[in-house]
Number of protein chains: 2
Amino acid sequence: MTDALGSVSLEDVARRAGVSIMTVSRAFRRPDALSEDTLEKVLRAAEALGYLPNQIASGLRSKRSQTVACVIPTISSPVYANVVQGIADAISPEGYSLVLGTSNYAVDEERRVMMSLLAYRPEAVVLAGGDHRPELTRSLARLKAPLVELWELVPKPLDMNVGFSNHAAGAAIVDHLIRMGSRRIAFMTVKVEHARVRARRATYEAAVTKVLNHAPIVIATDLSIEGGRRGLRRLRDRHPDVDGLFCTSDSIAVGAMLKAMELGWSVPDELAIAGFGDLEIGRHVPPGMTTVRVPEYRVGQVAGEMIVGRLLGRPEGARTVDVGFEVVARGSSARAESKRVRRR
Amino acid sequence: MTDALGSVSLEDVARRAGVSIMTVSRAFRRPDALSEDTLEKVLRAAEALGYLPNQIASGLRSKRSQTVACVIPTISSPVYANVVQGIADAISPEGYSLVLGTSNYAVDEERRVMMSLLAYRPEAVVLAGGDHRPELTRSLARLKAPLVELWELVPKPLDMNVGFSNHAAGAAIVDHLIRMGSRRIAFMTVKVEHARVRARRATYEAAVTKVLNHAPIVIATDLSIEGGRRGLRRLRDRHPDVDGLFCTSDSIAVGAMLKAMELGWSVPDELAIAGFGDLEIGRHVPPGMTTVRVPEYRVGQVAGEMIVGRLLGRPEGARTVDVGFEVVARGSSARAESKRVRRR
DNA sequence: TCTCTACCTGTTATCGTTAACAGAGAGGAT
DNA sequence: ATCCTCTCTGTTAACGATAACAGGTAGAGA
């Protein structure tokens, strides 16, 4: 009883209960394979000794670690935090635990962290879709475990893929701004662009070039409200003629909007603004931020369900799931309407 | 080469390199114990076969799982997300990985999740300080592994403790509001209070009772901007005579401030407001939200460092670290002198 | 009474690694 | 030549659990 927690093994319990270790093992793994008497005897002994199953030993022998490895860019972002929560909630009832790593948006780090997590022999792997080091891609391809790429829908998934199309989302927003009357639209993005942001940007560039016949106007800034303010200051200095602005993030968009109003640049009358992500604040800063809403938690949840389904050998569903997105039109782009786009 | 990743063992590498298994093991664990020739031979064989060490087997034999278990209320909150990032960044360079669980603010769930993580025999444990199930406390007490309770400084830490005092923070804010001229202060909190919020509230109640001689005025609402708006509406209806408001969270505070202005209740002239957490938006919603800033990332980082220090047998420092907090005074509680109107 | 099946429990070998110790050579000191 | 130390590598026996199979017992049916 004064032993350290975890120092009690099946053998100790078996000795106390007067049964074999296999019987104790069964008491935990397949209780219905034991007679009632035996089961109770074993459980009482385990309880008395404070037995805690050793998942490491179990994992070694059974080759089932009961873990899912997950590498994302960062958890200090509501987006990935919600995604991770969704995964955890989906796998936890089935007895799986999450082993987490972060790459800080760097492909080298992603590879390093993922390889170190693979040493724990996870039964499934989750990572953000997009760019990976070729070595990592090769390693993952050799992996027999179910694998999900999240968030971004990629052209050639390694295995399973859950998320939405940044291309479609970018196109939808630019289209929305154009329909709301904008004729000269700028794009405000983060300094270090990753694949997901690049997709939104590429779509923007194509759209303004083809539809509005003007050269892309791109401002790079920090991913924060303050960054948005600074970005808008620059936009005003260099391109006072724009009448529409698409920001890769709501943080930036809110900052830009606050600064625009401070400068007397009226939103949405002279400048329509749209963001990305549907942060709560966007709803509350007058006149309300038009944005793209992606069901983050749902992305994680679906990923978790796909994994669990595979691991439990359930009949397989689609390997790629588009959770869609929603353009939420608010005051910052004038006409109030909300329409749903692409869902399958 | 077409084997599944992870199906290659030390034995396979040993055979190919023409050495014993132990030599291969040493090539990875203590490379300097091998001659240069042998080391290179082994590494080449490992590379060719795509060998990936099996941390599960290693952990079983060496009793060193190289993991740290962490259970927090939720990661869908910037607070804990930053804390977790801090932990991960501190332990990762030393080769430790994070196994994460969430309790959703429920002590039963906390216990359940923690016990299931303990089955992986983590070398250290991190959890949010405050209430725990007595059974969990007992289990943790028997644990020989280093343990850190974080965020809240608790009266009797189980082992190590990093965070700040919610009592002190609550007192500092009420004191600040009083010095800024408030004489009747309300408290807006979340519906489901956990220990940490209760501490801020208890301090508030003591302060207003003793210093301002009025009964506590407490409004419970949802933890969101929208919740803050609704809370303020109720406050206005029921206690239009208050001239100060302390909210347990910046989200609530921002919502309350926006709503107050909408209702023509001038901030800070007629109502001084203070929040908690220093969300970025608080800085940008005019006239700026007075708040308490806690170094979240630092809390996680210090926790990680304490753990690693212990595990690596470094001389032990303090077991309790108070990272402190900072009252950030902004426009929402600006000084009265010229502007503040004494009401009624 | 004997066989057969169903149910329950035990035995054996093994998962991949590392701790602990053993042994082989090389080189130095005596 | 002998012994000793040092460096390097190998052998053996676990770590704690489970897969696979073996055996024992009880009750049913012949």
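DNA strand C is surrounded by 24 residues, and the closest are A:Thr38, B:Leu10, B:Ser25, B:Arg29 and B:Tyr51. A residue counts as near a strand if one of its heavy atoms lies within 4 Å of it. This is a predicted model, where local features need pLDDT of at least 70, side-chain atom pairs count only at pLDDT 80 or more, and totals for chains, interfaces and linings use all residues. Residues are numbered from 1 along each chain as its sequence is written, chains are lettered from A and ligands numbered from 1 in the order in which they are written, and side-chain values use heavy atoms, with hydrogens and water left out.

- Sugar and phosphate make up 58% of the atoms of DNA strand C that come within 4 Å of the protein.
- The residues of this surface divide into 10 nonpolar, 9 polar and 5 charged. Here Ala, Val, Leu, Ile, Met, Phe, Trp, Tyr, Cys and Pro count as nonpolar, Asp, Glu, Lys and Arg as charged, and the others, Gly among them, as polar.

- An N or O atom in the side chain of B:Arg29 is 2.4 Å from a phosphate oxygen of DNA strand C.
- Two or more residues near DNA strand C come from each of α2 (21–29) and α4 (55–62) of chain A, and α2 (21–29) and α4 (55–62) of chain B. Helices are DSSP runs (H or I, at least four residues), numbered from the N terminus.

**How the two chains pair**

- A rotation of 180 degrees, with 0.0 Å of shift along its axis, superposes chain B on chain A with an RMSD of 0.1 Å.
- B:Val99 has the C-alpha of chain B nearest the axis, 2.3 Å from it.
- The contact (heavy atoms within 4.5 Å) takes 54 residues from chain B and 54 residues from chain A.
- About 4,600 Å² is buried between the chains, 58% of it on carbon and sulfur atoms. Buried area is the accessible area (1.4 Å probe) that two parts lose on being put together, summed over both.

How values were computed:
Least-squares fit on C-alpha atoms with pLDDT ≥ 70 in both. Polar contact = N/O pair within 3.5 Å; in protein donor to acceptor, adjacent residues only side chain to side chain.
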